[in-house]
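Take a look, then read on.

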Protein chains: 2
Amino acid sequence: MPSRKTKSIGPPPPVRAVFPLPFTTVDLVIFTVLDDALQVLLTKRPDGTGEPFPNQWALPGGYVDVDTDKDLLACARRKLKEKTGVLSPYLEQLGSWGSAARDPRGWSATHVYFALMPARDVNLVKGGNAADVAWFTVLEDVRQMHLAFDHDAILESAVERLRSKVEYTSLPAFLLGEPFTLPQLQRVYEVVLGRALDKSSFRTRMLDAGFLKESDFIEGHSNRPAMGYRVVDRKAAVVFPRTFKSREGE
Amino acid sequence: MPSRKTKSIGPPPPVRAVFPLPFTTVDLVIFTVLDDALQVLLTKRPDGTGEPFPNQWALPGGYVDVDTDKDLLACARRKLKEKTGVLSPYLEQLGSWGSAARDPRGWSATHVYFALMPARDVNLVKGGNAADVAWFTVLEDVRQMHLAFDHDAILESAVERLRSKVEYTSLPAFLLGEPFTLPQLQRVYEVVLGRALDKSSFRTRMLDAGFLKESDFIEGHSNRPAMGYRVVDRKAAVVFPRTFKSREGE
DNA sequence: TTAATAGTGTCTATGAGACAGTATCAA
DNA sequence: TTGATACTGTCTCATAGACACTATTAA
């Protein structure tokens, strides 16, 4: 009979329960917009180690380490830093997937987080357990691959969540490095949504929502310079009261 | 990170990994609307069994059973049926909570689902591991309690999710038994949102959204009979293009 | 001056909110 | 006939979408 509220110091017992436990992992869906396309970060599964799905591409992730990870979010942050070097991007829980069949090693459950980050902030970290790390476009590259485990389904769910939230939140701002211009932001919205938006209504919506502050920085990569903006609160997205196209079928 | 063993055919080994695994549980946040109030189903933790939080109220849930549960959803359905007898209510994943501290027995992660059901469908099942099961109003009863584990935080998150979705989806329809009338449905919206809605705009919104079919059944519990409706698709909610009160701070 | 991109103004349509009015029932 | 509830119509206002317009730069 375990006593309350005491975390044991020292080495954990070899067996933690008298019944079998599922494996517990954390996986990450890391998005960016690069070359006018939505891209996702994947890592290659190692070869020759006896691990399942050798040489196949997979979402970055791995086992929860009971000794170092305080909680699931801390575990996600740790893995994020290991792969990208980025410390505090926009990070949100997507959900969890668990079943007897998804991993040949046995019953496993994964807690999935999705992250948004500017491509230029990322410093791809190669080596380690994963042989390789790279960006893949969601619409082209990944369509022609089969990811390891149930990661195809997880990615699909992440893209769906991202798309639907982009319809009524300021999420895309986290995909851009600061400061950014309104036309740049609009392009990101259009890339994720896969359709064009009206310039005028886009500007009013963004500026009225009050989540942007002028960076009093002008930035022109070609002709007339545009106003630069920064996000007021880098931690949370703003929710708009309407979706983008209220008229007719989404 | 230690290497993992491959799954063997035959009886499962007593130890499934050479590194410690977190406990894996599934918890349920079961909502209904009863007596013009949003209510949640809680179970009382057992006493004298050495389990943590004896006699405290908690969300129904428990360990994933690797041998009987095919996946997390199946596990959630099993527990749902055990407590309420209801087989297929509206069921959606809320998220997962995991940390070293939430359960005194050790690192644990719980996968939380939330369910919506008509109160009249529920047959409270007492006994078993949980001594007691009952409905509690979210706004009054639960405010004065302290739930076991981190269930206060989980419930708060579930209520928040429910409220925000009620602003722009047809979710409340799943809290009512069929057929129901539009005034009944409006009352449910108002109870969950905690504010009154305009009758006229409510009716147009609901009927235009096309998720209701006339039950050609008239139901009058007092005066002029109202049209009865049923939900077209009992599995999914409809998303409205706008929130209820677009003008000013929600 | 031209090309290119940034940004604004003007019109229309939609639909929510407000609220008054009508319809249909029980007693 | 009265009261209660179901339901409809009418007005206003906010704002998204469409699209033409002006502004500011580089070459």
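## Ground rules

Axes here are lines fitted to C-alpha atoms, for helices over the stretch in contact, with angles running from 0 to 180 degrees between N-to-C directions. Helices are DSSP runs (H or I, at least four residues), numbered from the N terminus.

This is a predicted model, where local features need pLDDT of at least 70, side-chain atom pairs count only at pLDDT 80 or more, and totals for chains, interfaces and linings use all residues. Residues are numbered from 1 along each chain as its sequence is written, chains are lettered from A and ligands numbered from 1 in the order in which they are written, and side-chain values use heavy atoms, with hydrogens and water left out.

## Two helices in chain A

Helix 3 (residues 182-193) of chain A packs against helix 4 (residues 199-209) of chain A, with axes 11 Å apart and an angle of about 105°. So the two count as roughly perpendicular (65 to 115 degrees).

Who touches whom (heavy atoms within 4.5 Å)? From helix 3 of chain A come Leu182(A), Pro183(A), Leu185(A), Gln186(A) and Tyr189(A), and they meet Lys199(A), Phe202(A), Arg203(A), Met206(A) and Leu207(A) in helix 4 of chain A. That contact splits into seven nonpolar, one polar and two charged residues.

## Chain B

In chain B, the axes of helix 3 (residues 182-193) and helix 4 (residues 199-209) come within 11 Å and cross at roughly 105°. That makes helix 3 of chain B roughly perpendicular to helix 4 of chain B.

## Cysteines

Cys75(A) is buried, at 0% relative accessibility (buried means under 20% relative accessible area, with a 1.4 Å probe and protein chains only). Cys75(B) is buried, at 0%.

Terms used: Buried < 20%, exposed > 50% of the residue type's maximum accessible area, 1.4 Å probe, protein only. Parallel < 35°, antiparallel > 145°, perpendicular 65-115°, else oblique. Contact = heavy atoms within 4.5 Å. Nonpolar A, V, L, I, M, F, W, Y, C, P; charged D, E, K, R; others polar.
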